[in-house]
Amino acid sequence: MSVRERLAEVRDRIERAAARAGRDPRSITLVAVTKVFPASAIFEAYEAGVRDFGENYVQEFETKAPEVRRLAGARFHLIGHLQSNKARRAAELFHVIQTLDSAKLVWRLDEAAQPLDIMLEVKLSPEQAKSGADTSELPAIIEAVRSSKNLRLLGLMTMPPWSDDAEPSRPYFQRLRELGSQHELPHLSMGMSHDFEVAIEEGATFIRIGTALFGKRKKP
Ligand SMILES: *Cc1c(COP(=O)(O)O)cnc(C)c1O
């Protein structure tokens with residue numbers, strides 16, 4: 001199947017999940033996750049109508065960026081863990097940083113002096129990956145972003161512990177939504193190939209889809 005065909009299928013599933021939840025499917029942005037795939041995958045998805053792309057590694061995207069930066073209207077999201085020594089470079093390469101998880105990173109990104117959309121990565125359980133801020137740290141980080149000069153806070157992002165099924169993700173998505181409304185943040189980045197429909201039912205406004213569009217990845 002081509003990326004175009006897979007995209008049509010994913011869009012169809014987005015629409016059906018949105019209908020179940022009584023939501024407008026246009027309120028959900030599909031972020032095509034192209035980590036490990038070459039720049040040609042980005043072009044292919046762009047041709048099929050995708051405008052938002054997710055990459056996990058600053059260094060990997062650095063090699064693709066010269067080719068793809070010129071795509072009109074394309075937005076590139078960093079969705080992998082950001083180390084503070086790469087913050088400046090990340091601010092230059094990406095339009096959205098979804099994985100901000102410390103006040104220290106706020107200062108580093110703000111220093112890069114470029115307007116940047118930000119999402120805070122939240123860690124909701126000890127089984128989740130090491131990255132992400134604890135919920136107790138959120139108020140301080142949110143305050144730091146809100147008082148920065150160049151950073152615009154869109155919302156929260158999370159990645160539940162891995163499972164083959166979708167339902168185990170639901171309580172994490174519900175928790176993220178509660179935190180979002182508590183802090184008056186409009187956007188929630190949650191849901192991947194295996195659980196995006198559940199994420200949509202729970203209020204996702206960004207879903208991050210790799211495998212369902214591009215097929216299985218080889219290990220990086
Ligand atoms: C790789 C990745 C995705 C996409 O995962 P798929 O299961 O391939 O859809 C989404 N979010 C993050 C943070 C990722 O690292």
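Figure 1. Glutamate 62 is partly exposed, at 29% relative accessible area (partly exposed sits between buried, under 20%, and exposed, over 50%, using a 1.4 Å probe and protein chains only). Arginine 89 is partly exposed too, at 33%. These two make a salt bridge, with their closest N and O atoms 2.3 Å apart (that's a side-chain nitrogen of Lys or Arg within 4 Å of a carboxyl oxygen of Asp or Glu). The pair links distant parts of the chain, 27 residues apart: glutamate 62 is in helix H3 (residues 58–68) and arginine 89 in helix H4 (residues 87–93). Helices (H or I, at least four residues) and strands (E, at least two) are DSSP runs, numbered from the N terminus.

A quick note on the model: it's predicted, so local features need pLDDT of at least 70 and side-chain atom pairs count only at pLDDT 80 or more, while totals for chains, interfaces and linings use all residues. Residues are numbered from 1 along each chain as its sequence is written, and side-chain values use heavy atoms, leaving out hydrogens and water.

**Figure 2. Glutamate 201 meets arginine 170.** Here's another salt bridge, at 2.9 Å from N to O. Glutamate 201 belongs to helix H8 (residues 196–201) and arginine 170 to helix H7 (residues 170–182), 31 residues apart. Arginine 170 is buried at 19%, whereas glutamate 201 is partly exposed at 24%.

**Figure 3. Glutamate 202 reaches arginine 177.** This salt bridge spans 3.4 Å, N to O. Glutamate 202 lies in the loop between H8 and strand S9 (206–209) and arginine 177 in helix H7, so the pair ties together parts 25 residues apart in sequence. Glutamate 202 is buried, at 6%.
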